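I opened the notebook to record what I looked up, entry by entry, with the sequence and the coordinates side by side.

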Amino acid sequence: MDGMHDHHVHYMREAIAEARRAASCGEVPIGAVIVREGEIIARGHNLRELAKDPTAHAELIAIREASRVLGGWRLTGCTLYVTLEPCPMCAGSIILSRVDHLVIGAMDPKGGAVGSVLNIVETDAFNHQPTVTTGIEADVCSMMLKEFFRGLRKNK
């Protein structure tokens, strides 16, 4: 493993910890962290059920927090780590907030907007294009989701 991969694994594990926080309160286990200059400046996990808010995705919560911490909406110099490929709303927010680098755990073949269903991040159509790394701790991220939904089906 090279140093950059180790670096990505370290921060993805922090996003996984956020996803576990979501699962512990009955939310779909998706987590995100935003890193700038080697420091986590924001964290978020899925809160749609608790907040009764369809936009309370891990990435948006982390982006809002990072903007508050930095005192502005431009997240240049930041890397966003997320356990599941972002949806169209979150992918759009990543572009709008000028995140430099996006690191994804598991891909989302049913709803992902960074290569699975469509790819709105890696296109020249918008004025900002973050670099993208996929597959970091993908097995762990994927298994968390599978176990969560298996548990839901069992409890019905």
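**Entry 1: His101 and its surroundings**

I began with the side chains of His101 and Thr133, which are joined by a polar contact of 2.8 Å. I noted at once that this is a predicted model. I then placed His101 in the chain's secondary structure and found that the residue belongs to strand 4, where His101 is the bridge partner of Thr79.

Is His101 buried or exposed? I found a relative accessible area of 18% for His101, and since buried means under 20%, the residue counts as buried. Leaving out residues up to four places away in sequence, I listed what His101 touches: His8, Cys78, Thr79, Leu80, Pro130, Thr131, Val132 and Thr133.

**Entry 2: Val132**

From that list I moved on to Val132, which I located in strand 5. With a relative accessible area of 21%, Val132 is partly exposed. Once I had set aside neighbours within four places in sequence, the contacts of Val132 were His101, Leu102, Ile104, Val114, Val121 and Glu122. I also checked Val132 against Glu18, and the two are 114 residues apart in sequence and 21 Å apart in space, taken from C-alpha to C-alpha.

In what order do the five strands of the open sheet stand? I read the order as 2-1-3-4-5, with mixed pairing. Strand 2 (39-45) and strand 5 (131-133) are at the edges and have a single partner strand each, so one side of each has no neighbour in the sheet. On average, neighbouring strands of this sheet are turned by 20° against each other, with direction ignored. For the pairing of strand 3 (residues 78-84) with strand 4 (residues 101-106), I noted a parallel sense and five bridges.

**Entry 3: helix 3**

I turned next to helix 3 (residues 58-70), whose 13 residues reach 18 Å from the first C-alpha to the last, close to the 18 Å expected at 1.5 Å a residue. Which residues of helix 3 are buried? I wrote down Ala58, Glu59, Leu60, Ala62, Ile63, Ala66 and Ser67. As a reminder to myself, an α-helix has 3.6 residues a turn, so residues three or four places apart point the same way. The cover over the buried residues of helix 3 includes strand 1 (31-36), strand 2, strand 3 and helix 4 (88-96). Last, I looked at what follows helix 3, and found Gly71 with a positive phi, near 75°.

Terms used. Residues numbered from 1 in each chain as written. Predicted model: local features only at pLDDT ≥ 70, side-chain atom pairs only at ≥ 80, totals over all residues. Heavy atoms only, no water. Pairing = 2+ DSSP bridges. Helix = DSSP H or I, 4+ residues; strand = E, 2+ residues; numbered from the N terminus. Axes fitted to C-alpha atoms, helices over the stretch in contact; angles between N-to-C directions. Buried < 20%, exposed > 50% of the residue type's maximum accessible area, 1.4 Å probe, protein only. Polar contact = N/O pair within 3.5 Å; in protein donor to acceptor, adjacent residues only side chain to side chain. Contact = heavy atoms within 4.5 Å. Expected span 1.5 Å × (residues − 1).
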